[in-house]
Amino acid sequence: MVKINGESIPADGKSLAEYLAEAGYTRERVAVELNGDIVPKALYEETMLSAGDEVEIVAFVGGG
């Protein structure tokens, strides 16, 4: 299990890009922290999630 935004999710073995797509996130509108480090967008495809990882995803929304 991977802890994503405080919730345990069975996402181990998936790439970060796969998880974001499955969860409905638009990768251009999110910032991702993996185990305390910001993940550059260019690395989303190759960043694999493993059991015990802690991920924080912040989605940006427009408004005014």
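**Close-up views of a predicted model**

**View 1. Asn-5 sits in the loop between β1 (2-4) and β2 (7-9).** The model shown here, as in every view, is predicted. Asn-5 is not a glycine, yet its phi is positive, at about 50°. Most residues other than glycine have a negative phi. The relative accessible area of Asn-5 is 35%, so this residue counts as partly exposed.

**View 2. Asn-35 lies in the loop between β3 (30-34) and β4 (37-38).** With a relative accessible area of 44%, Asn-35 is partly exposed.

**View 3. A patch of negative charge gathers on the surface.** Its members are Glu-33, Asp-37, Glu-54 and Glu-56. Glu-56 belongs to strand β5, which covers residues 54-59. Is Glu-56 buried, partly exposed or exposed? Its relative accessibility is 40%, so Glu-56 counts as partly exposed.

View 4. From the N terminus, the order of elements is β-β-α-β-β-β. The radius of gyration is 11 Å, close to the 11 Å that the globule rule gives for 64 residues, so the protein is as compact as a globular protein of that length. The C-alpha trace spans about 40 × 25 × 20 Å along its principal axes. Of the 64 residues, 30% are buried.

How values were computed
Residues numbered from 1 in each chain as written. Predicted model: local features only at pLDDT ≥ 70, side-chain atom pairs only at ≥ 80, totals over all residues. Heavy atoms only, no water. Patch = residues over 30% accessible without salt bridge, like charges linked within 9 Å, V, L, I, M, F, W, Y side chains within 5 Å. Areas by Shrake-Rupley, 256 points an atom, 1.4 Å probe, with all protein chains shown as cover. Salt bridge = Lys/Arg side-chain N within 4 Å of Asp/Glu carboxyl O. Lys, Arg positive; Asp, Glu negative; His and termini not counted. Charge placed at Lys NZ, Arg CZ, Asp CG, Glu CD. Helix = DSSP H or I, 4+ residues; strand = E, 2+ residues; numbered from the N terminus. Buried < 20%, exposed > 50% of the residue type's maximum accessible area, 1.4 Å probe, protein only. Rg over C-alpha atoms; globule rule 2.2 N^0.38 Å.
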